[in-house]
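Have the sequence and the model open side by side as you read.

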Amino acid sequence: MAIRSKPSKLPQTAMIKQILRRCSSLGKKSNGCNNSDYHDGLPLDVPKGHFAVYVGHNRTRYIVPISFLARLEFQSLLQAAEEEFGFDHDMGLTIPCEEVVFESLTSALR
């Protein structure tokens, strides 16, 4: 059985810019979070050049470098996230894979 990938409607660079825009706007929806945890709408614990993703059944939060967005391996995770969850929700960017798989992939990308 072959796995078909859905062709992206946007060029790769446009898709990455769209993801970055959505990631950077996530902190603006505080949803009851303590406002002292945010500065200019962004979480204080996320260093410049990084963004947060939520992975696995427990939605464990990981901070990853923006440079991962240019890697094909990470882009396939983003496509899976878009297909399963979409990008327009208040949960933050959620990656649909097991934590151990995500950790293995990200450690190989560093």
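**From the sheet to the core**

Start with strands S3 and S5, which run parallel and are joined by two bridges. Keep in mind that this is a predicted model.

Now look at what else S3 pairs with. S3 and S4 run antiparallel, with six bridges between them. One place to check this is His50, which stands opposite Pro65 in S4. The two strands make a hairpin, with four residues between them. In that turn sits Gly56, whose phi is positive, at about 80°.

As a reminder, strands of a sheet pair through backbone hydrogen bonds, and they can do so parallel or antiparallel.

Next, bring in the helix. Which residues of H3 are buried? They are Phe102, Thr106 and Leu109. Viewed down the axis of H3, these buried residues fall within an arc of 55°, so they line one face of the helix. The spacing makes sense, because an α-helix has 3.6 residues a turn and residues three or four places apart point the same way. Over on the other side of H3, you'll find Val100, Ser107 and Ala108 exposed. As for what covers the buried residues of H3, the list includes S3, S4, H2 and S5.

That brings us to the largest nonpolar core, which has 17 residues. The members that touch the most other members are Phe51, Val53, Val55, Val64, Phe74, Ile95 and Phe102. Strands S3 (50-55) and S4 (60-65), along with helices H2 (72-84) and H3 (99-109), are the elements that give two or more residues to this core. H2 gives the most, with four residues.

To finish, zoom in on Val55. Which residues is Val55 in contact with, leaving aside its neighbours within four places in sequence? They are Thr60, Tyr62, Ile95, Cys97, Glu98, Glu99 and Phe102.

Key. Residues numbered from 1 in each chain as written. Predicted model: local features only at pLDDT ≥ 70, side-chain atom pairs only at ≥ 80, totals over all residues. Heavy atoms only, no water. Core = buried A, V, L, I, M, F, W, Y, C linked by side-chain atoms within 4.5 Å. Buried < 20%, exposed > 50% of the residue type's maximum accessible area, 1.4 Å probe, protein only. Contact = heavy atoms within 4.5 Å. Arc of directions from axis to C-beta. Pairing = 2+ DSSP bridges.
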